[in-house]
Amino acid sequence: MGGMTVIVKTITRLIAGFIFLYGVYIVLHGHLTPGGGFAGGVIIAAAFILLILSFGTLEMKERVSYAFGSLLESIGGLMFILVAAFGLLLGSYFFLNFIPKGTPLRLVSAGIIPLANIAIGIKVGAGLFSIFLALGASKYIMKE
Amino acid sequence: MVELYLLLIAMLGAAVVAIEIKDLLAAAVSMGIVGFSVAIMFILVQAPDLAIVQIVVEVLTVVYFAAVILRTTHIDSTIGVKPQYLPTIVYFVFGTLFLIIALYALRDLPRFGFPIMKVASFYINNGLTQTGAANVVASIILDYRGYDTLGEAVVLFTSVLGVLTIMRRLGKKE
């Protein structure tokens, strides 16, 4: 409920946004640089976990983010399957790369790979955050 | 390739022991032998990353099983019970069917573990032109091996589902 000391809170306030942005960068550039949906999703989840750990939450707020997290996780999974199944709808095979490839090394290239990365990023980030809330935070808050 | 077959024989023996032995702790250890043999096999066919994952999973599984067995009972109560014939027959029929179909389906595959790194060099040489992704890892996990990634996503989804189902306390009105 109370969170940590004012030092941790100040540093977190400065850093959390950058961590989140870095995670988004890793997800969006998954087809160009090392990283991708899984790594970026973990970094995004880490930003939120840092916020929760340092500031603490009210139980009501946590319940909302809990439901939101599991909702986002399901949306990410569905998005990934839809991206894959669209190739099937076009009369070809599952995981068909149906978008034009574009020039390599540009941000918009490689067809469906960035879309799939975004879907996996949402899914992994929301999933890990939900696991963290369920395993750690809720018990911590129930005690107080 | 001899070492692969030796490992396979050891795994078969350990698997039979794990099913048939009466002491559950010994069964868990035999199961660990199977898992570690798989890890060694991954190293032999030059997949060290998979070997590391396999070792971690196997250690966790054996420790978990041992902890549960030490707290409950050592004796496998299912051994010595009158065998049920219908499940065994169904198992053998479908097992044989699966083996025959697999034999036909996998006929054209290269021999197990040989030549090493053939598929990998294909991905490295053709990944950029075929998928347009500069990161070869992305082109493999999201294009060539998309089904694997779908499976991984399902594993993650299932684990989240399990954790939320078991650990959920906020929904209860206490």
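**Exercise 1. Find which residues of chain B UniProt lists as "transmembrane region", and see how two of these spans look in the model.**

*Solution.* Start with the record: the unreviewed UniProt entry lists residues 28–45, 52–73, 85–106, 127–147 and 153–171 of chain B under "transmembrane region". UniProt positions follow the numbering used here, and such annotations may be inferred rather than shown by experiment. Keep in mind that this is a predicted model, in which local features need pLDDT of at least 70, side-chain atom pairs count only at pLDDT 80 or more, and totals for chains, interfaces and linings use all residues. Residues are numbered from 1 along each chain as its sequence is written, and chains are lettered from A in the order in which they are written.

Next, take residues 28–45 of chain B: the end C-alpha atoms lie 26 Å apart, and the span is 94% helix and 0% strand. Helices here are DSSP runs of H or I with at least four residues, strands are runs of E with at least two, and both are numbered from the N terminus. Then take residues 127–147 of chain B, where the end C-alpha atoms lie 17 Å apart with 76% helix and 0% strand.

**Exercise 2. Describe how α1(A) and α2(A) cross.**

*Solution.* First, the overall layout: chain A has four helices and zero strands. Now the pair itself: the axes of α1 (residues 6–28) and α2 (residues 37–55) of chain A come within 8 Å and cross at roughly 165 degrees. Axes are lines fitted to C-alpha atoms, for helices over the stretch in contact, and angles run from 0 to 180 degrees between N-to-C directions. The two helices, α1(A) and α2(A), are therefore roughly antiparallel to each other, a label for angles over 145 degrees.

Finally, the contact residues include A:Ala16, A:Ile19 and A:Gly23 of α1(A), and A:Gly40, A:Ile44 and A:Ala47 of α2(A). Being in contact means having C-beta atoms, placed from the backbone, within 7 Å. The residues of this contact divide into 16 nonpolar, six polar and one charged. Ala, Val, Leu, Ile, Met, Phe, Trp, Tyr, Cys and Pro count as nonpolar, Asp, Glu, Lys and Arg as charged, and the others, Gly among them, as polar.

**Exercise 3. Work out which elements of chain B touch chain A.**

*Solution.* Begin with the totals: 23 residues of chain B are in contact with 35 residues of chain A. On the chain B side, α5 (118–131), α6 (136–144) and α7 (146–167) each give two or more residues. The largest share, nine residues, comes from α7(B). By type, this side of chain B divides into 15 nonpolar, five polar and three charged residues.

Key
Parallel < 35°, antiparallel > 145°, perpendicular 65-115°, else oblique. Contact = placed C-beta atoms within 7 Å.
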